[in-house]
Amino acid sequence: MISKSRAQLMALLLLPTAAQAAEPGTIAVPEAVLALNGCWEGEGSVMGKPVRVSIRSQPITLDAMLALDVESSALADPKDRYAAHLIFGGTKKSHPIIGFWADSFGGAFIALGEGESQPDGFDIDYAYPDATFVNRWRIKGAQLTWSIVARDEANAEKPFASYSLHKVACAPAKTR
């Protein structure tokens, strides 16, 4: 069950805002996260299934956070689709990156995450009842790798997804 404060936080994170400078005193989005800004395309695998993936990211909430929209489809069946909306921001906690994950599996699968910058990207963990999903984002120039492992209670890691993407020009945003 989601607490009232968590539900309020999630509702606030989803509100659209104009792109302007962040409020005075706002904790900046870590540079490692801002490196994801823009559009990316590539391929990878999810639980062994080959997929095509695209990411569109941009600053939101007066530049206080970065939002990513991820879409993927199975190479063998383009009708087998998935989408996720990720939001990242900075915090003064011991783990200075905070995140929110919502996807096409619906509200029962949302998660808050905590992470930290690494020399070539950042890591963020999302706790679910059955495992913690560790997301490792690495950027080298116009190349992005994103891997996800499921970590169990004994800290054993099992590969879940892995993607290799390259930066592309962003197409005009879709209107819904």
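Good morning. At 6% relative accessibility, C39 counts as buried, where buried means under 20% relative accessible area, exposed means over 50%, and partly exposed covers the range in between, with a 1.4 Å probe and protein chains only. I begin with this cysteine and then move to the sheet and the core.

A word on the source: this is a predicted model, in which local features need pLDDT of at least 70, side-chain atom pairs count only at pLDDT 80 or more, and totals for chains, interfaces and linings use all residues. Residues are numbered from 1 along each chain as its sequence is written, and side-chain values use heavy atoms, with hydrogens and water left out.

C39 sits in strand β1, residues 38-46. Helices (H or I, at least four residues) and strands (E, at least two) are DSSP runs, numbered from the N terminus. Which residues does C39 contact, leaving aside its neighbours within four places in sequence? They are I55, R56, H166, K167, V168, A169 and C170; contact here means heavy atoms within 4.5 Å. The C-alpha atoms of C39 and A169 are 6.3 Å apart, although 130 residues separate the two along the chain.

One of those contacts is a covalent matter. A disulfide, defined as a pair of cysteine sulfur atoms within 2.5 Å, joins C39 to C170, with an S to S distance of 2.0 Å. Why does this pair tie together parts that are 131 residues apart in sequence? The reason is that C39 lies in strand β1, while C170 lies in the segment after β10 (157-168). The link of C39 and C170 is right-handed, with 110° about the S-S bond. A search of the whole structure finds one disulfide. As for C170, it counts as partly exposed because its relative accessibility is 39%.

Let us turn to the strands. Two strands pair if DSSP finds at least two bridges between them. Strand β3 (residues 65-74) pairs with β4 in the antiparallel sense over nine bridges, and a hairpin of six residues joins the two. Within this pairing, L66 has F88 of β4 as its bridge partner. G90 stands opposite I97 in β5.

The loop between β4 (81-90) and β5 (97-103) contains T91. Is T91 buried or exposed? It counts as buried, because its relative accessibility is 18%. Not counting residues up to four places away in sequence, T91 touches I27, P96, I97 and I98. Its side chain also reaches the backbone nitrogen of K93 at 3.4 Å.

Next, the interior. In soluble globular proteins, nonpolar side chains tend to be buried together. A nonpolar core is a set of buried Ala, Val, Leu, Ile, Met, Phe, Trp, Tyr and Cys residues joined through side-chain atoms within 4.5 Å. How many residues does the largest core have? It has 33, and F88 and W137 are those with the most contacts inside it. Strand β9 (residues 143-151) gives the most to this core, contributing four residues. Apart from it lies another core of eight residues, including I60, A67, I87 and I110.

Finally, the aromatic rings. Rings of Phe, Tyr and Trp (its six-membered ring) pair if their centres lie within 6.5 Å; planes under 30 degrees apart count as stacked, over 60 as edge-to-face and the rest as tilted. The structure holds 11 aromatic pairs. W101 and Y126 form an edge-to-face pair, because their ring centres are 5.3 Å apart and their planes stand at 65°. With W101 in strand β5 and Y126 in strand β7 (residues 121-127), the pair ties together parts 25 residues apart in sequence. Both W101 and Y126 are buried.

F122 and W137, by contrast, form a stacked pair, at 5.9 Å centre to centre and 15° between the planes. F122 belongs to strand β7 and W137 to strand β8 (residues 132-140), so this pair links distant parts of the chain, 15 residues apart. F122 is buried with a relative accessible area of 0%, and W137 is buried at 1% relative accessibility. Ring pairs link F88, W101, F122, Y126, W137, W146 and Y163 into a cluster. Thank you for your attention.

Terms used. A polar contact is a pair of N or O atoms within 3.5 Å; within protein, one must be able to donate a hydrogen and the other to accept it, and residues adjacent in sequence count only if both atoms are side-chain atoms.
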